[in-house]
Amino acid sequence: MHLDDLPVRRRTSQAPPPDEASGRLRLILLSIGVILTFVLLSMRLYDLQVNRQQSFSEQVGRRSVIERPLPAIRGLIYDRNGEALVRNAPAYQVAIIPIQQVRYPDNPIRQRVERMAMYNKLAEMINQPGVTAGDIYTKVVSRDARFAPYQPMIIADNVPRETAMAIQEQSLVMRGVVVRTVGSREYPYKDLLAHILGYTGKIFKEMVDREPARYSREIYDYDTDRVGITGVERAAEEILRGKKGKRSILVDASFEELQVLSETLPVNGYSIRLTIDLRLQQIVSDVLGTAMRVRGAPRGAAVALNPNTGEILAMVSIPSYDNNLFAKGISQQAFEALAKDLHRPLLNHATQDRVPPGSTFKIVTAAALLQERAVSERTAVYDPGIFVLPDQYDPEDPKKGQKFYCWKRTGHGWQNIRQALRNSCDTYFYKTVGGFADERENIAGMGPDKLAQWAQEFGIGELTELNIDYSVGVAPTKNWKLRNIGEVWSTGDSYNASIGQGYVLATPLEMANVTAVIANGGTLYHPQIIREVIDERGELVQPFTPKVIRQVRLDPYYLRLIQDTLWEVVNDPGGTAWRSRLEGFEYAGKTGTAEFCDDVAYATGICYVGIKNLPTHAWFVSYAPARSPQIAMAVYVWNGGQGSGVAAPITQRIYNQYFNLGVPEEKLAPVASSDSE
């Protein structure tokens, strides 16, 4: 059989097979595609393995090696005799590490239910205002948590130790919950030293905005670190805080520690020794507080200095507050109670109450009159008790004149400067500063500007190098009144200024420093409250050095005259503080009774428009012993009545206890009102 004989059938229903040229084209295109793919893959691999190798290595290092700070121990604070005034104590925080929480990627409903159950349980255990399940959820899903899921998110501060331990025990079933220990302070003396020590707390935004360099993130962890907010804690922050260390740790994917790679130990903070004598501080606080309760006075202060160095030995401000409330986290209710108190317990009244100093200011006036030669030791001025200052526009009409009163309405008669200072004769100082003329006298008057210069010479209104917050007083001049009040100065203004009234303002600290100048023979010191800096072994790092502002330009003879007169105020039967003398112990001082009518007086109703007899602050400044002073002190009681009846007896009791004189209570002057200052 021959194939050629078979019939041939044409394929009409199928496409013809590809020709040879078309097949070669397809093969070429496929080859080009494969080559391009390999080129691109090679370029990408080169980029990842060569160009970006360093970047990936750093990321791997950050993920596998972490650095943890090693906190430094905050330095302690002691009184001048080495008594510890603060303690370091742990505080507890509860935090959640977002990445370590329970996770069900395939079941988001179950994930949320279990997490919210944990948040509810956690909030119930913490039991703090502002810590609810909703609050916890908000923090854990916040932008910060998403940005840094491995960082602990703080959900509660200052958690009690028992609560913190209970939460720690539950950490196995509460995934991602951690308890952290942070440094905190305890203040065993509470309100006794609150205004001096201040307190520590968390760094808040306003602090960073105000002083970004001081509170840099390079120095502080805003979540855990505590810094000084007020008082010595703030003033000595750089000394007390120390320097953190750090530890580099190799961790696995669950952040379990595998190996410590390197470690830099922290440098603990230095401690400081204050100038404060804790024993004297307690005596002053007890005596002042007791007397204020007797008088029903809501506010007062006392400052005691070493007149030979400027060291603050005691500084008491009443009302006060418990600084532990702030260190541990004060409630909104407690804070509002302190903030709304009219007498401002958060304010240090010893350094920040600017009030009229009354007749204690006559020390400055007497020094100015003598040194400016406005009077001599023999100059006599007549005090009738009440006199009329003629009207400057119509001096012949007595009805238009202004009456001025001495505190002793029957008058002191003729007075020289010794007698006027001892007896606190207002009229003498009125006339010699402001001037006066009638048929009996023709006194030119020293003038207010020279008086203001001498007030500044004694430190009133002058900035000092004191570490803690303070205010400065006002030594008014003619220009000062025109600039600040918008009125011209009058003779009546000069009269008021001469006795520490009118526009004259001073703080208790300033008046204590004025008294110290007289006590030490004419040196004005910067008040200091930080005495020494010591290291962990108690060795001296920074010694105490007195800081002199100036030598007051007062003739030694006049200085001695004032010293002798202040001795007479207490130890002479005619002195205004005679009832507060101490048998066998001599001290010197000056009483003061300052009329006032401030915003608090109006708010409490003790002062009002049209009142005839203004309320008064009680003042007494002093130094002791009189012949070899160790203490210069100012005592001030807001609305306390007369200085001789309240502030002087307070001072008498302080010296009796501090110098261990042993005078029984029944032989001390009663804390009561008196006819004299």
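Which residues does Ile530 touch, not counting residues up to four places away in sequence? Ile530 touches Val232, Ala236, Ile272, Arg273, Leu274, Thr275, Asn467 and Phe544, where contact means heavy atoms within 4.5 Å. This is a predicted model, in which local features need pLDDT of at least 70, side-chain atom pairs count only at pLDDT 80 or more, and totals for chains, interfaces and linings use all residues. Residues are numbered from 1 along each chain as its sequence is written, and side-chain values use heavy atoms, leaving out hydrogens and water.

You can find Ile530 in strand E20 (residues 530-534); strands (E, at least two residues) and helices (H or I, at least four) are DSSP runs numbered from the N terminus. Ile530 is buried, with a relative accessible area of 11% (buried means under 20%, with a 1.4 Å probe and protein chains only).

The structure holds 3 cavities of 30 Å³ or more. On a 1 Å grid over the protein atoms alone, a cavity is a set of points where a 1.4 Å probe fits but cannot get out, and lining residues have an atom within 4 Å of a point. Grid points are joined across faces, edges and corners, and a volume is the space filled by probe spheres set on the points.

The largest cavity has a volume of about 110 Å³. Of its 14 lining residues, Gly459, Thr464, Leu509, Glu510 and Pro527 are the closest to its centre. Helix H21 (residues 508-520) gives the most to this lining, with 3 residues.

The second largest cavity has a volume of about 40 Å³. Helix H18 (residues 448-457) supplies the largest share of its lining, 4 residues.

Note on methods
1 Å grid on protein atoms, 1.4 Å probe; cavity = no way out; pocket = protein on both sides within 12 Å on 5 of 7 lines; lining within 4 Å. Buried < 20%, exposed > 50% of the residue type's maximum accessible area, 1.4 Å probe, protein only.
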